[in-house]
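Here are my notes for your first look at this model. Keep the structure open beside you and check each point as you go.

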Amino acid sequence: MVYFSSNSICSGDDQKNGFLKDGIDTVNYTVLSGRLHFLKFETTKISECMKFISTKRLQEYGDKDDEASASDKNIIKATGGGAFKFADLFKEKLGIILDKVDEMSCLVAGANFLLKAVHQEAFTYLDGQKDYVQIDHKDLYPYLLVNVGSGVSMIKVDGDNEFERVSGTSVGGGTFWGLGKLLTKCQSFDELLELSRQGNNRVIDMLVGDIYGGMDYSKIGLTSTAIASSFGKAVSENKELEDYRAEDVARSLLRMISNNIGQIAYLNALRFGLKRIFFGGFFIRGHAYTMDTLSVAVNFWSKGEAKALFLRHEGFLGALGAFMSYEKKGFTDITHQFMEQNSSVPKSSFCSEDGSESSTRAHVRDNECIECRVQVRN
Ligand SMILES: Nc1ncnc2c1ncn2[C@@H]1O[C@H](COP(=O)(O)OP(=O)(O)O)[C@@H](O)[C@H]1O
Ligand SMILES: CC(C)(COP(=O)(O)O)[C@@H](O)C(=O)NCCC(=O)O
């Protein structure tokens, strides 16, 4: 969920700054300064999401449809499968109409916005080293956006609204969570992630060295510690699932799925000559091992030609893109002005709900927000 809360209003007449794209020289506007909030709710806990909306009375600040009946007045933009699955629930419980916006369009709009407007959004992560990457707006396109949610979409992005979903795979975040649950009896994703942090994939994965007597297979560029076969050791060892540590299973599973995604992403980047691959989606969660595995996979297969990059607001691309799609209701100015306004801001400060500044960490904490200013044409 993404929502904006304004904390002050200042107005002014701006005659000539050519700020608005539609070419009107003179424009009177109101600038709202406030915060863009980012919150996540698991699908299984959609009731908590609705309770939050109701408590904050956010449904009263959606778009209004004057022609609609009283109960249908509040229109909230929504994207992804949930916009279809929960449409009736939101209408019945909160009187909200979910205005469905295409998921791929939202992912791209959200990624483009963050990469242009937010300071220290993108970063590389390899061998435990996180380095923020400054994106030159003039050199942003083209890139490959890999969104790892339940499944994986791979989108070639050529411009603000120019993109093509070029590939995908059903081996994604839901695979890690689903298989992880079955194999380790974990009851939450965070528990599974914590397990994977502590595990050793070499207990279960068959390594090149296990096959080549501890030697590298250097002729084809494989070291002895490279994985030859994920979960391959379980074939020859006379052990049952219970004989393996859940941590090691979780680690091997995470490695296998992340490696696979990294390799398919690289192959699509190669196919279109793309040098930058931005990974989004909540599967990543800023998890060091996941990011390192994706980075190693892209680096290894591209021989250093392509680069894996990550986003601080990785899981909010779709929701942010939906937020920005209020254009049909005359909110284009807010979005574009916000983008231009914000892009001129050297740095967006990240704040927690109580307004305290937070350091820019690798992953957005729940309800972390971005101080921002948006401009509304009166
Ligand atoms: N707290 C969590 N609960 C469940 N899944 C989570 C959680 N945090 C991260 N994940 C991972 O994120 C995936 C869903 O990612 P998300 O970007 O929300 O995609 P979707 O569009 O499919 O909802 C899950 O399949 C799981 O791998
Ligand atoms: C269908 C989806 C776009 C839905 O997005 P999600 O909710 O997984 O983020 C995604 O799950 C996906 O692209 N799955 C892979 C389909 C394929 O094999 O290309």
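1. What percentage of the 378 residues in the protein chain do buried residues make up? The figure is 47%, where buried means under 20% relative accessible area, exposed means over 50% and partly exposed is in between (1.4 Å probe, protein chains only). The chain has 12 helices and 17 strands; these are DSSP runs numbered from the N terminus, with helices being H or I of at least four residues and strands E of at least two.

2. A word on ground rules. This is a predicted model, so local features need pLDDT of at least 70 and side-chain atom pairs count only at pLDDT 80 or more, while totals for chains, interfaces and linings use all residues. Residues are numbered from 1 along each chain as its sequence is written, chains are lettered from A and ligands numbered from 1 in the order in which they are written, and side-chain values use heavy atoms, with hydrogens and water left out.

3. Now for contacts, meaning heavy atoms within 4.5 Å. Take those in the protein chain between residues at least 6 apart in sequence: 66% of them join residues at least 24 apart.

4. Look at helix H6 (residues 189-198) against helix H9 (residues 246-272): their axes are 7 Å apart and the packing angle is about 95 degrees. Axes here are lines fitted to C-alpha atoms, for helices over the stretch in contact, and angles run from 0 to 180 degrees between N-to-C directions. H6 and H9 are therefore roughly perpendicular (65 to 115 degrees; under 35 is roughly parallel, over 145 roughly antiparallel and the rest oblique). On the H6 side, the contact uses Leu-192, Leu-195, Ser-196, Arg-197 and Gln-198, and on the H9 side Ala-246, Glu-247, Ala-250, Arg-251 and Leu-254.

5. Zoom in on Arg-197, which sits in helix H6. Arg-197 is partly exposed, at 46% relative accessibility. Leaving out residues up to four places away in sequence, Arg-197 touches Arg-251 and His-287. The C-alpha atom of Arg-197 is also 9.7 Å from that of Thr-290, although the two residues are 93 apart along the chain.

6. Check the helix lengths too. H9 has 27 residues and reaches 39 Å from first C-alpha to last, close to the expected 39 Å, with the expected span being 1.5 Å times one less than the number of residues. For helix H4 (residues 103-117), the end C-alpha atoms are 21 Å apart, in agreement with the 21 Å its 15 residues should span. H4 is mostly covered, with 12 of its 15 residues buried.

7. Finally, the rings. The whole structure has 14 aromatic pairs, where rings of Phe, Tyr and Trp (its six-membered ring) pair if their centres lie within 6.5 Å; planes under 30 degrees apart are stacked, over 60 edge-to-face and the rest tilted. Tyr-3 and Phe-52 make a tilted pair, 6.0 Å centre to centre with 50 degrees between the planes. Tyr-3 belongs to strand S1 (residues 2-14) and Phe-52 to helix H1 (residues 46-56), so this pair ties together parts 49 residues apart in sequence. Tyr-3 is buried at 9%, and Phe-52 is buried at 17%. Phe-176 and Phe-283 form an edge-to-face pair, because their planes are at 80 degrees, and their centres are 5.8 Å apart.
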